[in-house]
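Student: Could you walk me through this model and show me how to read its features?

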Amino acid sequence: MKKLLRHLEPERLGSAAAAWFRERIDAGPLLRLLDRKTVPAHRYSWIYVLGGAALLLFALQVASGSLLMLYYQPTEAAAHESVRKIATEIPSGWLIRSVHAWGADLFIACVALHFLVKLFARAYRKPREMTWFSGMLLLGLALAAGFSGYLLPWTELSYFATLVGTQIPGTLPVVGDWIVHFLRGGDQVSGDTITRFYALHVMFLPLLTAAVMAGHTALIQVQGMSLPIGLPEERVRDRRPFFTEFLLSECCLWLLLFGTLVSLACLLPVGIGVKADPLKAAPAGIKPEWYFLFMFQTLKCLPELLGVLLFALGGLFLFLVPLVDRRASRNQRSPALTWLFVMLVAYALVFQTLAARAPGGPSHSAEVVRGAPLAGTLVSLALLWTVIGFLVYALVQLVRVNRRFRQMSVRPPDRPKQQAAAEE
Amino acid sequence: MRLDESCVARRRFLCGLLGGGATALGAAVAAPAVSYVGNFRRQPPPPRLELAADEFALPPGSGKLVMYGPIPALLIRMPEPDGRLKAFVATCTHLDCTVSYQPDQNRIFCACHEGCFDLDGQVLSGPPPRPLREFYTRHEAGRLILALEKENLSQENPEKGKLEETAPPS
């Protein structure tokens, strides 16, 4: 009996399962790749965690979005009612919807911060140009996902924001009308636009994002992490193994991010909004989502065609900046470009603030839905944070133990033998 | 070396702790997700359904399906000389297919697995394990009221009973 029980020990079961897979799939090359990659430790090491955070938020968006698809109905007649049903009738529907809405905001914020940090660190310099191009594509896809998702609840705000947003390319000569028609699926924003944006939001954009993200991540795994420009090699204190030390540290951030997202969703749940009515005039103070505010404010100040052309040129410049910044590719600082980037950020911040301060309703209506009493929500959140705190503590301790193992040049006991042999 | 052993033990202990914590977090995430996907809340049918005269005007020996909330209901005007109006839950007791009235055989039939019921809802043949459930009905001011529970036929006078028939509208 004792012998039998010993066979059922989790460690034995785990190693038996690992052996079963090893006999069928040779994961050696992948494991070697994971094992070879290191992450430099220096005073700016925090910049390496933003991409992983964006990856987690993307995964959470896919998960919560898939759940919303179970009840959402993408038609002009039913879209708003189905969102109302999710928020008020379906158990935990308000929570899933709030997590998705807040997750979108955090995802875009995280991607934007990742973009800025890599821009200033000149992470795009040779040989990482392709990583930059794929990253810029991901930024565009994230904004497109945000824009297409905004229409789906079919509220007054989302209707008019989409009307304005899809009309902007209409100012372009020759192709303008064609683009507007293509985006709307007709001359007007209607039920056809909802189905088209729905397909875009739940199928085309996530699939494309996942594919580009896979390429982006593979490039980072192969090429390794770049050092910020101007940081000499001797300032690097340590090179931590990506697997497991860096990954475990990243898990801590993921847990904190997840806790923050759930807390935001519980404490500030999103409202349902007023159903869109094409017969009604646009309400006063209408605004797009926060990440388009600076564009919105700029287009208020400039002739539309000029504004559209400036944004197109600005986007193209940022996309092609690795080819423009010749000094960075020779590993030299380029202060002129740094000043240009600072000015661009300052412009975006000023216009963002101006638009945010302008009178106008919040992007979600005041009709906020929380499906559980506040006291119960607070208790649940306290429990969640207790578990997260416990996990973070254990992860930090595990990172320390693993580092100690490494510094003592002792391999952790459960490292696969063939992996160790491959290294030697 | 003593130090190595303590590290190994500590590592194993921390992995155990992490496994426990991850399970707790997984359960915390799974609970709302499962309740959301399962949508386990009860959705009881409406207590009663009122039909206008033209909605139940059937010639003798014919049937018609109407929706009682989310449930299909089969109205049958019995053949002459009986001529009474009956209403059944039109969901087969075998595997939930919707049944229909067959005037030529004067029976209720489920096409999915060829289950047959008589006009009292009793099983005549086929796999259905139970008779069809019959609605309580009542005529009131030219309207037909259907209810699954007798007391819901009329809130004012719950004792008014089943099949209090009036003459069918001509």
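Student: Let's start with a turn: in the hairpin of β5(B) and β6(B), which residue takes a positive phi?

Tutor: Two strands pair if DSSP finds at least two bridges between them. Here β5(B) and β6(B) have 4 residues between the strands, and B:Asn106 takes a positive phi near 55°. Bear in mind that this is a predicted model, where local features need pLDDT of at least 70, side-chain atom pairs count only at pLDDT 80 or more, and totals for chains, interfaces and linings use all residues. As for labels, residues are numbered from 1 along each chain as its sequence is written, while chains are lettered from A and ligands numbered from 1 in the order in which they are written.

Student: How many bridges do β5(B) and β6(B) share?

Tutor: The general idea is that strands of a sheet pair through backbone hydrogen bonds, either parallel or antiparallel. In our case, strand β5 (residues 100-102) of chain B pairs with β6(B) in the antiparallel sense over 3 bridges. One bridge puts B:Ser100 with B:Phe109 in β6(B).

Student: And where does β6(B) go next?

Tutor: On to strand β7 (residues 115-117) of chain B, again antiparallel and over 3 bridges. B:Phe109 stands opposite B:Cys116 in β7(B). This hairpin has 4 residues between its strands, and B:Glu114 in the turn has a positive phi of about 55°.

Student: How many residues of strand β3 in chain B are buried?

Tutor: Strand β3 (residues 71-77) of chain B is mostly covered, with 5 of its 7 residues buried. Strand β2 (residues 62-68) of chain B runs antiparallel to β3(B), and 7 bridges join them. In that pairing B:Val66 faces B:Ala73. Their hairpin has 2 residues between the strands, and B:Gly69 takes a positive phi near 65°. There is also strand β4 (residues 85-89) of chain B, joined to β3(B) by 5 bridges and antiparallel. B:Leu75 sits opposite B:Ala87 there.

Student: Why is one side of β1 and of β9 left without a neighbour in the sheet?

Tutor: Look at the strand order: 3 strands form an open, antiparallel sheet, β1-β10-β9 in chain B. β1 (48-51) and β9 (136-140) of chain B stand at the edges with a single partner strand each, so one side of each has no neighbour in the sheet. Looking at one pair, β9(B) and strand β10 (residues 143-147) of chain B share 5 bridges in the antiparallel sense. B:Arg138 has B:Ile145 as its bridge partner in β10(B).

Student: What does the whole of chain B come to?

Tutor: Chain B has 1 helix and 10 strands, and the helix comes at the start, counting from the N terminus. Of its 170 residues, 21% count as buried. Domain bounds come from an automatic or database domain assignment, which gives domain 1 (1-41) and domain 2 (48-152) for this chain. Their C-alpha centres lie 55 Å apart.

Student: And how does chain A read?

Tutor: Chain A has 18 helices and 2 strands. Its C-alpha trace spans about 75 × 60 × 40 Å along its principal axes. Buried residues make up 31% of its 424 residues.

Student: How many residues does each chain bring to the contact between them?

Tutor: Two residues are in contact if their C-beta atoms, placed from the backbone, lie within 7 Å. Here the contact takes 21 residues from chain B and 22 residues from chain A. The chain B side has 14 nonpolar, 3 polar and 4 charged residues. In that count Ala, Val, Leu, Ile, Met, Phe, Trp, Tyr, Cys and Pro are nonpolar, Asp, Glu, Lys and Arg are charged, and the others, Gly among them, are polar.

Technical notes:
Buried ≥ 20, exposed ≤ 12 C-beta atoms within 10 Å, placed from the backbone.
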